[in-house]
Protein chains: 2
Amino acid sequence: MTHRVRRTMPLLPISIVMQLTELTARQIRYYEEHGLIQPARSEGNKRMFSLNDVDTLLEIKDFLDQGINIAGIKKIHALRTQPKIEKTAPQTISDAELRQILRDEILNSNAFDRGGIRQGDLSRFFKK
Amino acid sequence: MTHRVRRTMPLLPISIVMQLTELTARQIRYYEEHGLIQPARSEGNKRMFSLNDVDTLLEIKDFLDQGINIAGIKKIHALRTQPKIEKTAPQTISDAELRQILRDEILNSNAFDRGGIRQGDLSRFFKK
DNA sequence: TTTCTATGTAAGAAAACCTAACATTTAATT
DNA sequence: AATTAAATGTTAGGTTTTCTTACATAGAAA
C-alpha cells in the first residue's frame, strides 16, 4: 500500500530542507560550496535534496553547534567515507590527528541552546 | 542517525510528485479539484504534497487504469474514510451499491499496459 | 449528434530559486 | 589595536516553477 521511497532520492526543494533543518538557504549553499553535500539538480538547475542530505545537514549543524568548523567537518566526512587506510593512497591525517583536531576545536566551542521549534512540526509554514 | 519523516508531512513540490506518479500537473490538480486529495499549500500558495498524497495518487491512477471513473473513486474514498454507518448521517450508498458500481465500471474498462518507467528511477529528470 | 469526462494547452502573474557580489559579525592572528 | 579569516546576512537581477483561468480536444455516453 504505502509507496516506498529511497533516502537517496532527490525529492525536496531547498525551502523544505530549510524548515526541516532550521538552516538558511545561504548556509545550505555554503556547505555545498565546501563539498559537505552534493544535492541533485532539477533540469532547471534547482537544488533537489534527498533525506540523506537532510541527515547530513542536521549532522553538520550539530557539529557546528559543538564548535567544530567546516574544515573539521569536511575532514570527518572524508574519513568516514574512506576509513580504510590499507591499500588506499596515504592518508594526510591520522586518527590521532583527528582526535587532536576535535579536542582543539572543542576548546573554543561556543555552543549554546537555541530554543528552537519541535522538529517535524511544519504547520506554521503552511496556510490555514 | 537517520532523520525520521512522517508520511503526512507536506514535503514535495508538484514536479516531484509528477515524476513519482507519472501523472501530469493537470491531472493532479484535477483530482484535487474533485476532492480526491487535499495537498497543503506553501505560504506562497504552492501545493506541497505528502507521501500519503503520493500513495493516494498512485491509487487513483490504478483505479483509473482499471476503468473506474472519478465519481467512483470519490465514492470509494468516502466509504473508506467513514465506513461506520451506525450513528452517522444516513449513507447515500450501500455496500451492495458500491459493488454494483465497481462491476458496472469494470465492464467498460479500457485498461492498457503503458510501458512506463521503473518507479523510483528519477535519474532522467536530473542533470548529469 | 450532442453531451460529458478527463486531459491538453496557452497566457499572464506570482512565487521560489539561482548566481554573484558586497556587507557584517565574531574569533583568531599579528 | 588592526588585520585577517570564517560563517552568515543581504541585495539585485535573472531564470524556473507553479499558480489560476480559460479554451480546446478526444473518446465515451446519452
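Let me start with the surface near DNA strand D, whose residues divide into 6 nonpolar, 10 polar and 6 charged. Please keep in mind throughout that this is a predicted model. In total, 22 residues surround DNA strand D. The closest of them are Gly44 and Asn69 of chain A, together with Pro13, Ser15 and Arg47 of chain B.

Chain A has 5 helices and 2 strands. Read from the N terminus on, its elements run α-α-β-β-α-α-α. The chain has 128 residues, and 22% of them count as buried. As for contacts within chain A between residues at least 6 apart in sequence, 67% join residues at least 24 apart.

Next, one helix pair in this chain. Helix α1 of chain A covers residues 14-21, and helix α3 of chain A covers residues 51-65. Their axes come within 10 Å and cross at roughly 45 degrees. An angle under 35 degrees would count as roughly parallel, and 65 to 115 as roughly perpendicular. The two helices, α1(A) and α3(A), are therefore oblique to each other. As for handedness, α1(A) passes α3(A) in a right-handed crossing.

Which residues meet there? From α1(A) come Val17(A), Leu20(A) and Thr21(A), and from α3(A) come Val54(A), Leu57(A), Leu58(A) and Lys61(A). By class, the residues of this contact divide into 5 nonpolar, 1 polar and 1 charged.

Let me move to the contact of the two chains. The contact takes 25 residues from chain A and 27 residues from chain B. On the side of chain A that touches chain B, the elements that give two or more residues are β1 and α3 of chain A. The largest share of that side comes from α3(A), with 4 residues. Sorted by class, that side of chain A has 15 nonpolar, 4 polar and 6 charged residues.

Pro39(A) lies in the loop of chain A between α2, residues 25-33, and β1, residues 40-41. Is Pro39(A) buried or exposed? Pro39(A) is buried, because 20 other C-beta atoms lie within 10 Å, and 20 or more is what a buried residue needs. Leaving out residues up to four places away in sequence, Pro39(A) touches Pro10(A), Glu32(A), Arg47(A), Met48(A), Phe49(A) and Asp53(A). Lys127(A) is 88 residues from Pro39(A) along the chain, and their C-alpha atoms are separated by 28 Å.

In chain B, take Met48(B), which is found in strand β2, residues 47-48. Met48(B) is buried, with 22 other C-beta atoms within 10 Å. Apart from neighbours within four places in sequence, the contacts of Met48(B) include Phe126(A) from the other chain. Among the contacts of Met48(B) in chain B are Pro10(B), Leu11(B), Leu12(B) and Pro13(B), and also Pro39(B), Ala40(B), Arg41(B) and Ser42(B). His3(B) is 45 residues from Met48(B) along the chain, with 20 Å separating their C-alpha atoms.

Back in chain A, Leu122(A) is found in the segment after α5, residues 95-107. Leu122(A) has 18 C-beta neighbours inside 10 Å, so Leu122(A) counts as partly exposed. Where are the contacts of Leu122(A), setting aside neighbours within four places in sequence? One is Gln19(A), and the others are Met9(B) and Pro10(B). Leu122(A) and Leu58(A) are 64 residues apart in sequence, and 16 Å apart in space from C-alpha to C-alpha.

Last, two residues with a positive phi. Asn45(A) sits in the loop between β1 and β2 of chain A, with β2 covering residues 47-48. Phi of Asn45(A) is near 80 degrees, which is a positive value in a residue other than glycine. Asn45(A) counts as exposed, because 7 C-beta neighbours lie inside 10 Å.

The other one is Glu22(B), placed in the loop between α1 and α2 of chain B. Phi of Glu22(B) is near 60 degrees, again a positive value in a residue other than glycine. Glu22(B) has 14 other C-beta atoms within 10 Å and is partly exposed.

How values were computed:
Residues are numbered from 1 along each chain as its sequence is written. Chains are lettered from A and ligands numbered from 1 in the order in which they are written. This is a predicted model: local features need pLDDT of at least 70, side-chain atom pairs count only at pLDDT 80 or more; totals for chains, interfaces and linings use all residues. Axes are lines fitted to C-alpha atoms, for helices over the stretch in contact, and angles run from 0 to 180 degrees between N-to-C directions. Angles under 35 degrees count as roughly parallel, over 145 as roughly antiparallel, 65 to 115 as roughly perpendicular and the rest as oblique. A crossing is left-handed if the near helix is turned anticlockwise from the far one by less than a right angle, and right-handed if clockwise. Two residues are in contact if their C-beta atoms, placed from the backbone, lie within 7 Å. Ala, Val, Leu, Ile, Met, Phe, Trp, Tyr, Cys and Pro count as nonpolar, Asp, Glu, Lys and Arg as charged, and the others, Gly among them, as polar. A residue is buried if 20 or more other C-beta atoms lie within 10 Å of its own, exposed if 12 or fewer, and partly exposed in between; C-beta atoms are placed from the backbone. A residue is near a molecule or strand if its C-beta atom, placed from the backbone, lies within 6 Å of it.
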